[in-house]
Amino acid sequence: MNRREQYWELQSLPATSPPVSPRADEHTALRRSPASTASDVPPEPPGKDENHTSSIGEPELCIGAANPRHRLLGFLPTAFVLLITLGFACLILRWLLARQYEPIQGGKGITAAVRNGFFIVYEGGAPEAGQKATVNLRVLTFSALVSHLISDTSSVLMTLVAYRAGSQWLQNSRASDLMAILQNPTPLQYGLLVRLLGSSSIMAIYETGRYAVHSKKRSRLPRLFKEAFALAIIIWVMSHAVGLADLYLHTTTRSILADIPVLDASPGSYQYAVAFNETLCTTWPSTENPCLSHYDGWALENPEVVEPGFLAMANRTESKFNVITLADADDAAIVVPGAGVDLSSTSFTAQTFSARAHCRSLNHNCERSSVGQTFNCTPAGYPGLPYYTPLSVNTSSSPTVDNYIFGIVNGQQGGESFGMQDLEDHGRTPNPVTLGIQMRWNTHIDQTVQGFTVGNADSAVDIIPPPYITLYAGCSVTFSNVTVRYLPSDNSWKIMLETQSSDNFTTVMWAPTIWQLGTQQLASEMMTIAMTEAIPNVTAALNQHLARIMLGVAIGTLQPAEATDVKETVPSLLGQYPVAPVMLLIALLLLYALLAIIVFTSSWLTKDETIIVSGQKKDGTAGEQSVLNLTQRWLVDPLPLVAAAFPGEDGKDVQRTVADSATDMVYDGSGADARLSIGLRGRDGFGLRKRGDGRYLDE
């Protein structure tokens, strides 16, 4: 063992170790006094950093005027926050407005979206024919991304709050009066500020808040502490509010099916409209009888006109036209192409015809006999009801009431014998037409049918005489020329324009009904409803069925015509973004950006100074460092505290206090003396110590 090793072994013995003072500088053993000689200095311990020298020749520091470029130190964090908040707010709003789908949105712009309640957005490319388009819901992607990034901006925004707190701290530290000094933080308050501004986590906020609320057990809170704590809470709440707004948007956004025009719509003929076949009525209205009406029947010379009517009334697939009812158009019945026409990928605008009926039950308004049988509907405005079969009037106590749809013109009722010929002017009628309806169904129950639903007070029919159930109704039916728009995505028809048809066309269309061609079909469809439902439901069903049958029975007079505004489409999904969560998210992002601007501006306007370091740069010129920047670093980073607790004593400690980064402020030697140990330190308690400061207490 050489002399150097023997010396260090003796120095490590507990009996010869000097007592540890709790107030002693941890690095006193490594410092040399001016009176020390070479013989007094022990040899260097093994592993000692060869560059570790005494604290001599350190550069000098002095205060100079503020450098204008230092005033922009918080600009980059502010720019980052604004890029995330304002950038995504503008991106989301711009995307929604640029991609709005006007046909469903009902216009463009925020006003149209607010009126609709949703942003209806098409976010895919124009699909090719035969392909299906998809929806990407990119706004949800933007929302999720900004919700994730906003958590990163909260820590960046806290660095701006640290600039604000640092400027206040510097201002108080420069003052000499007692009140300003009392506005500086205590060591505990400083420690809480470092943790709060450095992490802005919920635990840091909780610990700081727990300290702040115990007003009787703590020192007075300085203003900078209160402001930093309040801003930390606001930033935490706003960052999580953005996340909640994102969740709100995700849970309320939907995709809807719509028809998107394709790029390569093929040219061709689209016979989807409906027109009247003028060739059937070349001499009408100059002739005495209306078109297709004869003295003893309807369309007797044109049997090809009659069969399509029966096919249409029965909704047969081979019918060239169908009649449908539009519930959202006051139960209007319209003529549309038959089931054999493929409309699955075509949207268009077409001309067609409609009929709309308004009926009322007359049973409760007519006169009844002593036994409750209806015999006169004159009080209800229909003197021709009920109509009895002539041969049954004098031969039976209960004259026969058959099913009839009567036409009424100028108060005259007709249609029971010779159809249109029963009416004046051979059945010519104004539009709308007036009808009287009577229908009777045999229950085959010889006794009373009081057990039936129809026996109730709100029944639309009579139950006397048994076994019959009888309905009397008065109706008004309007025929119209309409323009409709068809959308294949939901197989919907919408009336765009409606004008009342001419009296001549109306006369042609109601003729087969007055000739009783659709009467039995109407009676069949109304039987169950009349027997089981109350007045409102019976009249609603009668409106629908009567309008549909009156168009259907005359459908042989119509022919296909060319549609307009034809577009080949594919079913596509559109994004449906509710306005409320979208605007809430954008508003939160804008408020977050405004907060960043306010905090940055308040610190930017603060008076700053520059520390000049002699010989700091490699070329020997003086270096500069902003006092505000250094103060902010002491508020957000624990490394300056580590540097102060464990100086390197290599002649560069002063220079390191004004280093350009926090990592450069701390000595990072490679020798054994630069390593830290942790444990119980006797009277100094538990803590850290440099390995070079002595041995463990238990050694």
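A residue counts as buried when its relative accessible area is under 20%. Tryptophan 493 has 10% relative accessibility, so it falls on the buried side of that cut-off. This is a predicted model, and here's a quick look at its aromatic rings. The count comes to 13 aromatic pairs.

**Tyr272 and Phe348**
- The ring centres of tyrosine 272 and phenylalanine 348 lie 4.7 Å apart with the planes at 40 degrees, so this pair goes down as tilted.
- The two partners come from distant parts of the chain, 76 residues apart: tyrosine 272 is in the loop between β3 (254-261) and β4 (273-276), while phenylalanine 348 belongs to strand β9 (residues 346-361).
- Both tyrosine 272 and phenylalanine 348 are buried.

**Phe348 and Trp493**
- Phenylalanine 348 also pairs with tryptophan 493: the centres are 5.7 Å apart and the planes sit at 75 degrees, so call this one edge-to-face.
- Again the pair links distant parts of the chain, with phenylalanine 348 in strand β9 and tryptophan 493 in strand β16 (residues 492-500), 145 residues apart.
- Phenylalanine 348 comes out at 0% relative accessibility, so it counts as buried.

**The cluster**
- Ring pairs join Tyr270, Tyr272, Phe348, Tyr486 and Trp493 into a cluster.

**A charge over a ring**
- Arginine 99 has its charged end over the ring of tryptophan 95, 4.6 Å from the ring centre.

How values were computed
Residues numbered from 1 in each chain as written. Predicted model: local features only at pLDDT ≥ 70, side-chain atom pairs only at ≥ 80, totals over all residues. Heavy atoms only, no water. Phe/Tyr/Trp six-rings, centres within 6.5 Å; stacked < 30°, edge-to-face > 60°. Helix = DSSP H or I, 4+ residues; strand = E, 2+ residues; numbered from the N terminus. Buried < 20%, exposed > 50% of the residue type's maximum accessible area, 1.4 Å probe, protein only. Lys NZ or Arg CZ within 6 Å of the ring centre and 35° of its normal.
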